[in-house]
Structures are given as structure tokens and as C-alpha cells.
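Hello,

Here is the structure I said I would pass on. My notes follow below it.

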Amino acid sequence: MSLERKDEHDHKGWMKEKDLTPVESTFLTTLIWLDKRLRIVDYLELMETLYYRVNLQMPKSHTEQYNLDNKFWYWYPLYTLGLFSTLSYVVAAISGALLGFYYSPATTGDPSTAYNSIEFIMTELQFGFMLRSIHRWSAQVMVAAVFLHMLRVYFTGAYKEPRELNWLLGIILISLTMVFGYTGYLLPWDQLAYWAGQIGVEMALSIPLIGEWAAQLLFGGFSLSQATLQRMYIIHVFLLPFVVTTLIAIHIGIVWVQGIAEPH
């Protein structure tokens, strides 16, 4: 009696019944061997399902379904705003990561460390001025693109059933984009950053009931200090990128599953 585990699908017997070339036989033998160890076929089936899912999510447009002779053509350029904002985010993320090699928040009790590092990037680092400009402009383009994208979704009625969840997710994303911009605005720790931070503290303190708690949590106190810059740096570099990237992936995934909502 053999102790070798029986092949439930009898792959060898099945291969013997087929008229296979040596190349086909070698390929199938290798695939079966890998599948028993790494579940290759399961992943191939998943890829096949994804392939058909992509094709199923490409229905005829409204203009094709109702023979409207492409009367809504002027809306189509606005459908690139979502992609445009995503690309801006990618450029900002890459340029920001490169800036992170040279930027330093205050770690010695003197917040001017941050300003000095920005000054070094802008005046002494080779291509530093260009790198920071790319980061700043890509962030500004992202804010504008996200805002226009939300307007396009609203005026084309793309927020309606069954896309309510993605609309709410978009509201969260545009809010986090504003937080991204604000925290990044404070990192140079110049005059503009200082007074923007002071306005933020006053706004936090004006929140009913939890104002003082919010100011302590976000700004490290009721006045600007090294703790403020430290918190803005952590939020901008360590917290928001992971949250926003995850939400963007979910947002795009829902669009992919539901398809594009054309103007009605």
C-alpha cells in the first residue's frame, strides 16, 4: 500500500489521455507542481475574473444607449479631473519624499531648524529650488483638481444612487487634501507659516466644548512652539500619506466596480 497522497484530480492520468507536445507536457507538469505548492491556478482564476470584471464594467455610454449623437461631448474633458488630481498627488508624494532627505523639523528646542533646512534646500542644494517648486505646485494643482472634480461630480449627478458612498468618500478626501495643504504650509516655519499656525490655534480654540482639547492635540498648546511644528510634521509625513493613499485606492476601486457615471 502506497503512503503517497492520492491526486484528487489525477493530473497524470488526464495528461496521458491528451495528445500533448513535449512543450505542453513540460508546461503543464511545471504548472501542476507549482499549483500544489503556491496555488497558482487560484490566482490565475482570480486574474481571469478580474479581466471579465473590467470588461463588464465598460457598458455602452448614455449617448450610445439613447442615440444622443454625442450631445454631451463638452463634458468629457472634465472626466479627466479625477485622474489629474491622482497624478498630482503622486508627483507631490514623490517630490515630498525627496525633500524629506534634507528637511528637518525642530528637534533641539529651536524651531528655526526647519526654516534653516528650507533655506538650505532653496539656496544651496543642487536642483533644490526646482524640487520644492515641483512639490508646491503639484500640491496646489491637486487642490484645484480635486475641487473641480467634486464640482463635475455634483453637476453631472454622479453622486446619486448607487454612488452615494463614493461621494461621501470624495468629501472626506477633499477635506484631507485641505489638511494636507495646511500642514505642509506650516513646515517651512517662516512668517506665513507662523501666522497661518496662529489662525489655526484660534480656530481650534473657538470650537465649542472641545476647543482647548483640540488645540492641545493638534498644536501642542495655546501658542505656537516646537511641539506645533513637530505635530504638523508627523501629520503631514507619517499620518496623512497612508490614510489618503488607502482612501484613494478604495475610491478608484469603487469607480472601477460601478463604472463611470456619464451626464444625464
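At what angle do helix α10 and helix α11 pack? This is a predicted model, in which local features need pLDDT of at least 70 and side-chain atom pairs count only at pLDDT 80 or more, while totals for chains, interfaces and linings use all residues. Residues are numbered from 1 along each chain as its sequence is written, and side-chain values use heavy atoms, leaving out hydrogens and water.

Helix α10 (residues 211–219) packs against helix α11 (residues 226–258) at about 75°, and their axes are 7 Å apart. Helices here are DSSP runs (H or I, at least four residues), numbered from the N terminus. Axes are lines fitted to C-alpha atoms over the stretch in contact, with angles from 0 to 180 degrees between N-to-C directions. The two helices α10 and α11 are therefore roughly perpendicular (65 to 115 degrees). Gln216, Leu217, Leu218 and Phe219 of α10 make the contact with Ala227, Thr228, Arg231, Met232 and Ile235 of α11 (contact means heavy atoms within 4.5 Å).

Helix α9 (residues 191–205) also packs with α10, at an angle of about 145° and with the axes 7 Å apart. From α9 the contact takes Gly197, Gly200, Val201, Ala204 and Leu205, and from α10 it takes Gly211, Glu212, Ala214, Ala215 and Phe219.

Elsewhere, Phe101 lies in the loop between α5 and α6 (112–123).

Regards

Methods
Parallel < 35°, antiparallel > 145°, perpendicular 65-115°, else oblique.
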